[in-house]
Amino acid sequence: MPLVLVWLISFPLDAAPTLTLSYSGDSSKPVKKAKISMTDSDGTTILFTDGNGQVTLPTTSNTYTLSASLAETRSAEHTA
């Protein structure tokens, strides 16, 4: 069965952007400890989701690519 991740990025006016990962079909089930690679022209930053499936993204004015990985054979990618 393929793994489908739901990406939700929120941009509050007074806080850094937050990415939330949850399983498709069950948004109440967070994806914990997912490895997030954020790559821009300044390099790559490695982040991990917390127990709520959330990670706070560092601020950047550059275009970036996010890659999420749960295991070697399971990954998802999104460009913002």
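Predicted model: local features only at pLDDT ≥ 70, side-chain atom pairs only at ≥ 80, totals over all residues.
Local features were considered only at a pLDDT of at least 70 and side-chain atom pairs only at pLDDT 80 or more, whereas totals for chains, interfaces and linings use all residues. Residues are numbered from 1 along each chain as its sequence is written, and side-chain values rest on heavy atoms, with hydrogens and water left out.

The protein chain contains zero helices and eight strands, where helices (H or I, at least four residues) and strands (E, at least two) are DSSP runs numbered from the N terminus. Along the sequence the pattern is accordingly written β-β-β-β-β-β-β-β. Of the 80 residues in the protein chain, 26% are buried; buried denotes a relative accessible area under 20%, exposed one over 50%, and partly exposed a value in between, for a 1.4 Å probe and protein chains only. Among contacts (heavy atoms within 4.5 Å) with a separation of 6 or more, 36% involve residues 24 or more positions apart.

Two strand pairings were examined, a pair being two strands between which DSSP finds at least two bridges. Strands β2 and β3 run antiparallel and are joined by two bridges, with Ser22 having Pro30 in β3 as its bridge partner. In the hairpin that these strands form, two residues lie between the strands, and Gly25 adopts a positive phi near 90°. Strands β4 and β5 likewise pair in the antiparallel sense, over six bridges, and form a hairpin with two residues between them; Lys35 is placed opposite Phe48 in β5.

Thr49, located in the loop between β5 (43-48) and β6 (54-56), is buried, with a relative accessible area of 4%. Its side chain reaches the backbone nitrogen of Ala34 at 2.8 Å, and a polar atom of the Thr49 side chain lies 3.0 Å from the backbone nitrogen of Lys33.

Lys33 itself lies in the loop between β3 (26-30) and β4 and, at 72% relative accessibility, counts as exposed. Most residues other than glycine have a negative phi. Lys33, although not a glycine, has a positive phi of about 60°.

Ala16 occupies the loop between β1 (5-10) and β2 and is partly exposed, with a relative accessible area of 29%. Apart from neighbours within four places in sequence, Ala16 is in contact with Thr56 and Leu57, and the C-alpha atoms of Ala16 and Pro58, 42 residues apart along the chain, are separated by 6.8 Å.

With regard to aromatic rings, the charged end of Lys29 sits over the ring of Tyr23, 4.9 Å from its centre, the criterion being NZ of Lys or CZ of Arg within 6 Å of the ring centre and within 35 degrees of the ring normal.

Note on methods. Polar contact = N/O pair within 3.5 Å; in protein donor to acceptor, adjacent residues only side chain to side chain.
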